[in-house]
Amino acid sequence: MQPCYLGIDVGSVSTNVVVITPSGEVLSSIYLRTQGQPIQAVKEGLRRVKADLPEDVRIAGAGTTGSGRYLAGAIVGADIVKNEITAHAVAARLEVPDVQTILEIGGQDSKIIILRQGVVIDFAMNTVCAAGTGSFLDQQAARLGIPIEKFGELALKARNPVRIAGRCTVFAESDMIHKQQMGHNIEDIICGLCEALVRNYLNNVAKGKEILAPVVFQGGVAANTGIRAAFSKALGQDIIIPRHFPVMGALGAALLARDSVNNNRETKFKGFEVAEEEFRAHSFTCQGCSNLCEIVNIEEEGNLIARWGSRCGKWDTLG
Amino acid sequence: MKKVSFAHMGYSYLGFKQLVEDMGFEAVVPPNPSPATLDLGVTHAPEYACIPFKMVLGTYLEVLNKGAEMIITSGGVGPCRAGLYGMMHEKILHNLGYNFEIFVFDPPLTGLWSFFIKLRRVIKTAGISWLAFVDVIRRAWAKLKLLDELEQLATGIRPYEVKRGDTTRTFHSCLKIVEQARSQKEIAAAREECRQLLQSIPRDNGRRPLRVGIVGEIYVLLEPFMNLEIEKTLGEMGVITHRSIYLTQYTATDVLAHGAQDVRQLAHPYLNQFVGGHGQNSVGEAILYAQNGFDGVIQLAPFTCIPEIVAKSILPRVSRDFGIPVLSLTIDEQTGRAGIETRLEAFVDLLRQRREQMEARSNAALLPGY
């Protein structure tokens, strides 16, 4: 029975589950859509990864990351719950040890992480606007009736990319529609959109950051060859796409779990059986004062296992 | 008795409540800003206004619905649009059909005469003497100072607390004690009591908290609802925070005077003019924090706030020149905490690693033979 480590990344759009060996080799990786139901997604991910793994695997540590990391951590019993910036940096460093810049575009957010000598020295994340993230590309692909997987391929066929306003998804969409109505072909428009997205990213999220090679591009959007090409063109350098680019957050969480358990601590992981248990999240508004905090309770088989949301700390203690 | 209200900004409402009551008015205490306040403000404010404008408007609507007849508030100074906010609020509320009086006090140095005229009218409405008014102001000031002091004390203790949430709970009981204290003597006694309560929180003094300075626009800095309790969140992650603005200190340096000299001088090589709001302050204060050995700086900027946008584009240079990590956070309508927590956690990770690296380097330098 070899000890392995589980990493779960619950993002807004996708939920990823990864199992690695102690040396960091990926045994299994699952990429699912969260579809607004993080609890279901985590359970489904566990079920699938379990089915995918050889019988003799023992989980010696579990880590969670992503915007649903606390929820996922409570469900599976995580040894470490870490933010996705640290998780992404850890994973990228494993694949490209001398990485200096990480570009990451996910479903609802995009980030840039700057490392020097293996240490994160700066980062930025989009704060108020999701312009130029995976969700927007998804939505545009659906509107144009093109499978998202074909998006990049089509962009590469463009001869004369048109200029699309990239600052805001609403502006971008209407600009695209206007250009379509003018008779521009779809390839040129899609390519223009990729360029607009990259321009917006570099001008907004990456503003003022020193982008030095090696540059790693990861996250679900890295699958899009059109965006990859637009990044190399705009930065004038090669972009490295790591092998496990869509699940780097989960991979990082697994690596962090490995280091946190460090072979000498018993894992808190509850086992793959939790996939068959019933978890319920319900919220109520605390009427204790005018803050009207929204308190969330997480129950496992009817037992309260986690609670959060109060500002004064009144509900932070369980029981 | 005339019902009087005011804007809500952090814990200062306790001081203003006393001020208004001691002048002989009935105080309509603005409720803590909540999602309902936000909804009201967003519904009636121009879409492009910044979040402080919307929240303050929401608060005014709440107090007017509770029967306030008079609102006393402070004005922003241009050249940014905050200079027009008082007038805008008044116009919007009057157009909505509310009948009330509003007194917007701009910093006296921008117009001593109009300040005096307004003050005279308020005092006249209250029907108290100038002498009595001075006493009222002094006691309210003492209370506001105490609130600032306790807040700073709590942020200094939180990273050491053994039981998570202890400091926050104790601080909230302190607020109740401070609320009861009215005379100078009672306020002094409340100070002792609260200090003792906070000091007696069980602590683990072996911890080594990081120190982070928070700069930015006053409203998002002072109102925990707006900044999603950044100071509590950071405190529980093991960080001592210090804000560039505490109400009483800010009133002394920036409202009643022309701004802290050192801050403006420090900002000068990067930004040599007052760009409105707290833009120049944010730059100067970031440098001040760097010079005082802080581990990092966080900037809180309301979405679309021009002065903070100016500061934001300068801060990366400050960060490089002074070797201090800076994180800029844009604040708008979001009430979900996940986004801000992720950024703060990552920032704290970055600061910890950086400290370890620097310590390792200086330890290596101490080894003989190196």
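In which helix of chain B is the place of Glu236(B)? Glu236(B) belongs to helix α10 of chain B, residues 230–236, where helices (H or I, at least four residues) and strands (E, at least two) are DSSP runs numbered from the N terminus. The model is predicted, local features need pLDDT of at least 70, side-chain atom pairs count only at pLDDT 80 or more, and totals for chains, interfaces and linings use all residues. Residues are numbered from 1 along each chain as its sequence is written, and chains are lettered from A and ligands numbered from 1 in the order in which they are written.

Glu236(B) has 18 other C-beta atoms within 10 Å and is therefore partly exposed; a residue is buried with 20 or more other C-beta atoms within 10 Å of its own, exposed with 12 or fewer, and partly exposed in between, the C-beta atoms being placed from the backbone. Apart from neighbours within four places in sequence, Glu236(B) is in contact with Arg158(B) and Arg164(B), contact being defined by C-beta atoms, placed from the backbone, that lie within 7 Å. Asp106(B) is 130 residues from Glu236(B) along the chain, and their C-alpha atoms are separated by 37 Å.

The contact between the two chains takes 22 residues from chain A and 24 residues from chain B. On the side of chain B that touches chain A, at least two residues each are supplied by α7 (166–180), β8 (326–331) and α15 (338–366) of chain B. The most is given by α15(B), with 9 residues. By class, this side of chain B has 8 nonpolar, 9 polar and 7 charged residues; Ala, Val, Leu, Ile, Met, Phe, Trp, Tyr, Cys and Pro count as nonpolar, Asp, Glu, Lys and Arg as charged, and the others, Gly among them, as polar.

Asn83(A) is located in the loop between β5 (80–81) and α3 (84–95) of chain A. This residue counts as buried because it has 24 C-beta neighbours inside 10 Å. Not counting residues up to four places away in sequence, Asn83(A) touches Thr65(A) together with Thr342(B), Glu345(B) and Ala346(B). Between Asn83(A) and Lys50(A), 33 residues apart in sequence, the C-alpha to C-alpha distance is 25 Å.

Within chain A, helices α1 (residues 38–52) and α2 (residues 69–76) pack at an angle of about 50°, with their axes 10 Å apart. Axes are lines fitted to C-alpha atoms, for helices over the stretch in contact, and angles run from 0 to 180 degrees between N-to-C directions. The angle therefore makes α1(A) oblique to α2(A); angles under 35 degrees count as roughly parallel, over 145 as roughly antiparallel, 65 to 115 as roughly perpendicular and the rest as oblique. The contact involves Pro38(A), Ile39(A) and Val42(A) of α1(A) and Leu71(A), Ala72(A), Ile75(A) and Val76(A) of α2(A). These residues comprise 7 nonpolar, no polar and no charged.

The axes of α7 (residues 186–203) and α8 (residues 225–235) of chain A come within 9 Å and cross at roughly 55°. Residues of this contact include Cys191(A) and Cys194(A) of α7(A) and Phe231(A) of α8(A). By class, the contact has 10 nonpolar, 1 polar and 2 charged residues.

The largest nonpolar core holds 182 residues, of which Phe123(A), Ala254(A) and Ala286(B) touch the most other members; such a core is a set of buried Ala, Val, Leu, Ile, Met, Phe, Trp, Tyr and Cys residues joined through C-beta atoms within 7 Å. Beyond its neighbours within four places in sequence, Ala254(A) is in contact with residues including Tyr5(A), Val18(A) and Gly63(A).
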